[in-house]
Structures are given as C-alpha cells and as structure tokens.
Amino acid sequence: MKPTVESFFDDVTYTITHVISDEVTKSCAVVDAVLDYDAKSGRTSTKMADKVIEYILSNDLRLDWILETHAHADHVTAAPYLQKKLGGKIGIGENILKVQTVFNVVFNYDKLEASDGTAFDHLFADGENFNIGNLRVQAINVPGHTPADMAYIVEDQMVFVGDTIFMPDVGTARCDFPGGDAHILFKSIKRIFSMAPETALYMCHDYPPSGREPQYKTTVAEQRKSNIHVKDSISEDEFVQMRTARDKTLAFPTLILPSIQLNIRAGKMPGAEENGVSYLKIPINGI
C-alpha cells in the first residue's frame with residue numbers, strides 16, 4: 001500500500017508540514033502543523049494552517065491524527081486549530097512528560113498546569129503501532145535533540161523524522177536544549193540509518209544553503225553517504241565533538257519562549273485573564 005504525501009513549506013520558520021493520506025479510506029494525518037505567530041506583536045494567524053485545511057477538504061480527506069514529532073522551539077503548533085476545524089486526535093511521544101517537567105520549572109508553572117500530558121489526546125510509546133486508515137504506522141523514539149523526539153514510520157516505506165536529521169547538506173539538529181544529548185542523537189540517527197537504504201526520509205525543517213530551493217525528502221542511503229554531520233565515515237566521538245562545538249555558536253531560536261510554552265500544552269493557549277486576554281511568560285535572566 002502506497003501512502004500519499006503532500007508537503008507545505010513555511011518560509012518564516014523553515015518548517016515543513018506533511019499530510020499523509022490513505023487514498024482508499026480517505027483518512028489522513030498532519031505532521032507538525034504551523035500556527036503563524038508574530039514575535040513583535042504577539043499576534044497569531046492561520047495562513048499556513050488554512051493551506052493545509054484547504055488541501056484536506058479539497059481532496060475529501062478525513063483528519064484522523066495531528067502528529068507532533070516533538071515540542072518545537074522554533075514554531076507554534078496549529079494542532080488545536082486543525083482539531084477545531086477538522087477533528088482528529090493530537091499525538092506526541094510519551095517523553096513529552098519529561099519536557100513538561102523541565103519547562104514547568106523554567107516558567108514557574110503550577111505543577112499540574114502542563115506536566116501530566118493530558119493536553120494531548122494520545123502519548124505514543126516507543127514502537128507503538130497505529131493506523132491512518134489502512135496505512136500501518138509505527139512511532140519510534142529518536143531522542144537527542146530533545147528527550148521527546150519521535151519519528152513516524154509509514155508502511156515501512158517512509159519515515160517522518162522530525163528534527164532528528166536534516167537534508168544531507170544541512171546536517172543534524174542541535175542538542176543544547178534541556179535534555180538534549182549529542183551521544184543520544186547519534187544513536188537515534190543510527191537507528192534510522194539501520195533501515196532499508198531505499199527508505200524515504202521526510203524532513204521537518206530545511207534551511208537551504210547557497211540559495212537552493214527548499215527540499216524535504218531524501219533516503220537512508222543518501223544520508224549515510226552524504227550527510228555533512230553524520231555520514232557513515234564519521235564516528236560517534238567525531239560527531240559529538242562537532243555537535244557540541246557547533247551548538248555553542250548558535251543563538252536561541254526567535255520563537256523559543258512562546259513556542260515552548262504553547263507546544264508543551266499541545267498548542268492550547270493559557271486561560272484568558274479578567275480582561276479577556278491570554279498572556280505568555282518571559283523569564284528575565286532565567287534561561
């Protein structure tokens with residue numbers, strides 16, 4: 001059975017949102033949806049998410065799953081908006097509980113506000129199987145970038161890898177966020193590299209170098225041969241040394257403070273205060 005994949009590139013956050021569909025049952029899943037968020041004004045809009053919704057409706061698809069590869073630090077998820085418009089269950093890896101615990105301390109939340117996973121409809125265990133219509137899907141843990149990173153394997157043909165790995169000329173994700181670990185990321189990547197060489201890998205981001213057009217699809221074989229950070233000729237020690245040194249040079253993502261606060265609660269906004277407005281926190285000298 002061959003899944004259908006339609007992908008949408010957000011040129012503000014460099015995120016790729018994927019729609020995976022089963023043409024027989026018309027069921028589909030959305031991976032890593034984006035809510036437009038203007039950091040200067042604090043205003044949200046749904047331009048990117050509406051493109052995804054238009055595609056789903058125009059193809060008579062039914063949204064079963066809204067999948068998160070992890071709690072992103074570079075964009076706000078549009079999962080609640082998609083769910084309100086089209087239904088479906090919001091799912092993420094069960095290690096989101098670890099991420100929630102860490103950031104509850106950072107943002108001084110009440111321990112029950114965002115630490116029990118109930119903001120999500122489903123928490124996937126490593127190796128858990130589920131379906132998109134008739135399509136067989138397996139969720140696997142691929143931590144290292146964060147403790148909660150998941151990849152989704154569809155019909156043993158394609159893997160939606162999240163931030164675990166990027167296009168070969170871009171390399172790999174950073175490991176300096178709380179709970180990140182370059183050794184663990186290397187092992188997660190090798191887990192993906194152990195799959196059949198022809199397995200298609202779908203990226204969650206692309207940061208095109210040298211002015212090339214955005215790309216989002218490669219293969220295990222291509223990554224093992226050409227990934228600038230982690231091809232087969234690079235040892236674990238070499239990778240960890242490179243990744244650690246490189247991470248020390250990277251600035252914080254522009255949207256990390258709003259996105260993390262929202263994404264650890266499945267994109268749901270904090271409750272409005274007495275004036276009807278919701279607020280996010282900015283820790284001063286706290287990160």
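How many bridges pair strand 14 (residues 200-202) with strand 15, and in which sense? Three, in the antiparallel sense.

The model is predicted: local features need pLDDT of at least 70, side-chain atom pairs count only at pLDDT 80 or more, and totals for chains, interfaces and linings use all residues. Residues are numbered from 1 along each chain as its sequence is written, and side-chain values use heavy atoms, without hydrogens and water.

View A. Tyr202 stands opposite Lys217 in strand 15. Strands (E, at least two residues) are DSSP runs, numbered from the N terminus. Two strands pair if DSSP finds at least two bridges between them.

View B. Six strands are ordered 10-11-12-13-14-15, with mixed pairing. Strand 10 (128-132) and strand 15 (217-219) are at the edges; each has a single partner strand, so one side of each lacks a neighbour in the sheet. Neighbouring strands here are turned by 30° against each other on average, direction ignored. Axes are lines fitted to C-alpha atoms.

**View C. Strand 4 and its surroundings.** Four of the five residues of strand 4 (residues 34-38) are buried, so the rest of the structure largely encloses this strand. Buried means under 20% relative accessible area (1.4 Å probe, protein chains only). Strand 4 pairs with strand 7 (residues 76-77) in the antiparallel sense, over two bridges. Val34 stands opposite Thr77 of strand 7.

**View D. The hairpin of strands 4 and 5.** Strand 5 (residues 43-45) runs antiparallel to strand 4, and three bridges join them. Tyr37 has Thr44 of strand 5 as its bridge partner. Four residues lie between the two strands of the hairpin. In the turn, Gly42 has a positive phi of about 75°.

Conventions: Buried < 20%, exposed > 50% of the residue type's maximum accessible area, 1.4 Å probe, protein only. Axes fitted to C-alpha atoms, helices over the stretch in contact; angles between N-to-C directions.
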